[in-house]
Amino acid sequence: MSGSSQSYRPDIDGLRAVAVLSVVLYHAGVPMLPGGFVGVDIFFVISGFLITRIIAREIADDRFSIVRFYERRTRRIFPALFVMLGVSSIVASVVLLPAEMLDFGQSLAAATLFVSNVFFWQTTDYFGGPAHLKPLLHTWSLAVEEQFYIILPLLLLVLARLSRQRTMHVLLAVTALSFVISMWAVAEKPNAAFYLLPTRFWELMAGALLALGAFPAITSRRVASFTACTGAGLLAISIFGFSSATAFPGAHALLPVLGTVLILYAGMFTRDTGVARALSLPPVVFVGMVSYSFYLWHWPVLTFARIWRGEVLGPGETALLVGVSFAFAVLSWRFVETPFRQRRVAAARRPLFGAAAVAMTVTLAFGVFAHASQGWTQRHEGYAPPLIAGLDQMKVGVCFLTDTQQPEQWAGTEICRHGPPGAPLVLVWGDSFAAHLVPGLKDEAPRQFQTVQMTAGGCPPLPELDIPNRPHCRAFNARVLSEIERLRPDVVVVSARWDLYVPRVASSAQLSAMLQRVSATGSRVIAVGSSPTFDFASPYDFVYRSGRASARAHDRPAVIAERSVSVFDPVPLFCTDDHCDLVGEAGFLFFDGGHFSVEGSRRVARSLIPKIDGLLESRSEIQTSAASH
């Protein structure tokens, strides 16, 4: 997220402002910026451009020093980062409960060592807790940059012995290889594609190649203006047109990366373009100057507030928190970043590296302590979260496939069947919000009918849909449809967290078409609406922290409009007005921020089973009538 240059360009700070505001407002939930996450990619290109320009110039002048390079990186990155990590650790000690503190401590250690991208890649899974409740998640991008700057100087030093043409060929080949890996990983290893350096390397290299003169010189102001406007248009398409449903990075990342390159490219010829003038406005430049600290502070401020609140923040609260984050950023820039960069603090190299080593040792020790103490449990006497049954009853990896499993790994009808042979057959199809219905159906209707579970994480029962970050959904849904054709179940229960898909990546017409397609097989269909979802990771933690056994759920728009099937809405079983029960007579009704526990699943089943029975009876009557004729 950083860089400097020997020839100051205010438009680059303006471009940084675009990047940081896009990211911050996206994280704040501003709906008009659904693709604001591409701000990170803008930062990558800027950083690659500025740092490479410095390295290449010093290598050409035979005065490049690895030690001096890392001194500059330390002055730029460490002070603001470790102040943020230190303050976050103090706040975490007050706000976080042991399970949350354990995760924070591990991420703190990873951030200290600049491997948090690897940590979040390894620990982010379908049931790993909401990403927006991880206070140090945003440090993954810093880790990517620092890993890049371990490789880049060494690579350029080695290539300096070659001719310029050969150097460019090697760098172009490396960049292209990274892009190809990114394209492959988005489809096959989406989490790795998002977090790891090999799939992001090409984005930083795009800026580096520009700095190294890979593009021919622009020779007219008109061409420069057109180039800058084209770049701005590509950024606008990315920021306003992309969304969380966009497969990313991969090919889609070309738009923000190329857009940033074009704006930087045009500015190398002239800053007298409309885009450069807009980016050079003093208020925009100032936001860009504090962008690094703004990026560092906005995420923990928002995250700690969300954790403490445990419920969805209102627009006014979010706006206030963004303002607080910006105030922290200004203070950090003024009193932390600037003194270190201008050598007013730790002017000599040895005390600078010594202070950096101390800071790393302290935060690393705190992270190790949080891990070793299992989240510093001594802070909360009486805190003893129960093991809430639910996930363990969903047959994860067997009848509920994880996002990396192939459709062929579904265990089959016999293993995923509950109930007596010969009884009417009910097939449950959908994502995890279908899988969590199965424990209740199994317990509450052990002899009334058979239940076959065909569910996969993040895969809604929409056969013609490709789901970003879920590469095997289409194939899995095709297998489900073939099983429906083969088994001819009496009832098919379809369920999903519909609001994640309709209308984000699918239309209500696609949903209706699926329901009609299943009905056409002769099976009766029950479409189960979305269950309540909340802004916490653990219902026990929310109850412990707030002292309340109910919470406000997310808004849940109705998306099932098909009238030819039976619709079942589970929300009234839990919610009155805008608050929903978290605890029932026999324990917690949810095991996380939205999935039913076994107790919650049983509550749903007691109301869903009569609906299933009604369809079975009507189907039997129709079949009897047809046979008599």
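Select strands E1 (residues 400-401) and E4 in this predicted model. The two pair in the parallel sense, over two bridges. Now pick phenylalanine 400: its bridge partner in E4 is threonine 455.

Then show the whole of strand E3 (residues 425-430). E3 and E4 also run in the parallel sense, here paired over six bridges.

Next, select strand E2 (residues 417-418). Which sense does its pairing with E4 take, parallel or antiparallel? E2 and E4 pair in the antiparallel sense, over two bridges. Click histidine 418 to find its partner in E4, threonine 451.

Now colour E4 itself, residues 450-456. Seven of its seven residues are buried, so the strand is largely enclosed by the rest of the structure. Show the side chains. In a regular strand they alternate between the two faces of the sheet. In E4, Gln450, Val452, Met454 and Ala456 point one way. Thr451, Gln453 and Thr455 point the other way.

Zoom in on leucine 15. Leaving aside neighbours within four places in sequence, leucine 15 is in contact with Ile42, Ile46, Leu235, Thr260, Ile263, Leu264 and Leu279.

Note on methods:
Residues are numbered from 1 along each chain as its sequence is written. This is a predicted model: local features need pLDDT of at least 70, side-chain atom pairs count only at pLDDT 80 or more; totals for chains, interfaces and linings use all residues. Side-chain values use heavy atoms; hydrogens and water are left out. Contact means heavy atoms within 4.5 Å. Buried means under 20% relative accessible area, exposed over 50%, partly exposed in between (1.4 Å probe, protein chains only). Helices (H or I, at least four residues) and strands (E, at least two) are DSSP runs, numbered from the N terminus. Two strands pair if DSSP finds at least two bridges between them.
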